[in-house]
Amino acid sequence: MTADEPLVLGIETSCDETGIGIVRGTTLLADAVASSVDEHARYGGVVPEVASRAHLEAMVPTVHRALKDAGVAMSDIDAIAVTSGPGLAGALLVGVAAAKGYAMALDKPVYGVNHLAAHVCVDQLEHGRLPEPCMALLVSGGHSSLLMVPDVTSDVRPLGATIDDAAGEAFDKVARVLGLGFPGGPVIDRRAREGDADAIAFPRGLTGPRDAAYDFSFSGLKTAVARWVEARGRDGRPVPVADVAASFQEAVVDVLTRKAVRACRENGVEHLLIGGGVAANSRLRAMAAERCAAAGITLRVPRPGLCTDNGAMVAALGAEMVRRDRPPSTLGIPADSSMPVTVTQA
């Protein structure tokens, strides 16, 4: 880190976390997060209106906390970066409006960036500059995507994506079936450690010879788990929750890692990056490490705290935009809930 590198504040409000990150170059100075997940837990999922109101309440205190953690003043900030999309429309609006306000008050440039590209770029804060190209497997509650990334600031190419439920969404729904609560990812990961991953032969979606090589489908798997559990109930037999969790998790992780390694091999890419909230899953990390090592592929996975939604990833991408002299956005940047991954900057 040098003093002449840009000091960028990043704002993330695409879902239920209000994230404020401060980055100088590729050095993380602050990563403050205010989550409203507990408010959504009683509904079994994120409620957009609740999320938007939580962002409004948390924005200014979280910005102040990040500045304090970084030991800088708002006047020291060189640029503002904000998630412009994709995400929940109302939640995005709060972050974009805040970014515009801070940019106008400070007379500093603002960069409206893509949430998925930010999930890729955050790895620079831990493992240094991204190799070009790299393959990115992004797995979260809303996305399961395979991306070729020649340049994270301007050239992100989708190779495959989920055609129905994203992996994280499937984790949440299976956790609900098992009575494990919300969010489902962390609790299934914990319970799976007590179970047998080979106990139940759950299906692997889109893995046949005629199926799309890089696309994902987890809806059938989710339904198979629900039917298996229902059948046990009808027969009056107890449900082995740990075995179901482990077998379900193994099916998801098997498909994700198999397709990611295949994409690297078939496209001549030597580096695989895994990001998104599901990248915090311990079994996904372990299987990816095993399969990448066997294939001679270098694996990059940020620490779990940087995999879930956060402001650090937005600041990281904003700092990279500044470093590469990408033009800033205008103050008319939209909150685009369906922003395509090919658009890295609004």
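This is a predicted model: local features need pLDDT of at least 70, side-chain atom pairs count only at pLDDT 80 or more; totals for chains, interfaces and linings use all residues.
User: How many salt bridges does a search of the whole structure find?
Analyst: Side chains of opposite charge can pair when their charged atoms come close. Counted as a side-chain nitrogen of Lys or Arg within 4 Å of a carboxyl oxygen of Asp or Glu, the salt bridges found in a search of the whole structure number 22.

User: Is aspartate 254, which pairs with arginine 204, buried or exposed?
Analyst: The side chains of arginine 204 and aspartate 254 meet in a salt bridge with an N to O distance of 3.0 Å. Arginine 204 lies in the loop between α7 (184-192) and α8 (219-234), whereas aspartate 254 belongs to helix α9 (residues 241-267), so the pair ties together parts that are 50 residues apart in sequence. Arginine 204, at 28% relative accessibility, is partly exposed. Because buried means under 20% relative accessible area, the 7% relative accessibility of aspartate 254 makes this residue buried.

User: Which strands stand at the edges of the open sheet, and why is one side of each left without a neighbour?
Analyst: The open sheet is formed by 5 strands with mixed pairing, in the order β8-β7-β6-β9-β10. Each edge strand has a single partner strand, so one side of it has no neighbour in the sheet; these strands are β8 (155-161) and β10 (298-300).

User: What is the angle by which neighbouring strands of this sheet are turned against each other on average?
Analyst: The sheet in question is the open one with the order β8-β7-β6-β9-β10. With direction ignored, its neighbouring strands are turned against each other on average by 25°.

User: Which helix packs on the sheet, touching β9 and β10?
Analyst: Strand β9 (residues 271-275) and β10 run parallel and are joined by 3 bridges; leucine 272 has leucine 299 in β10 as its bridge partner. The helix that touches both strands spans residues 282-295, and its direction makes about 160° with that of β10; this is helix α10.

Definitions and conventions. Residues are numbered from 1 along each chain as its sequence is written. Side-chain values use heavy atoms; hydrogens and water are left out. Helices (H or I, at least four residues) and strands (E, at least two) are DSSP runs, numbered from the N terminus. Buried means under 20% relative accessible area, exposed over 50%, partly exposed in between (1.4 Å probe, protein chains only). Two strands pair if DSSP finds at least two bridges between them. Axes are lines fitted to C-alpha atoms, for helices over the stretch in contact, and angles run from 0 to 180 degrees between N-to-C directions. Contact means heavy atoms within 4.5 Å.
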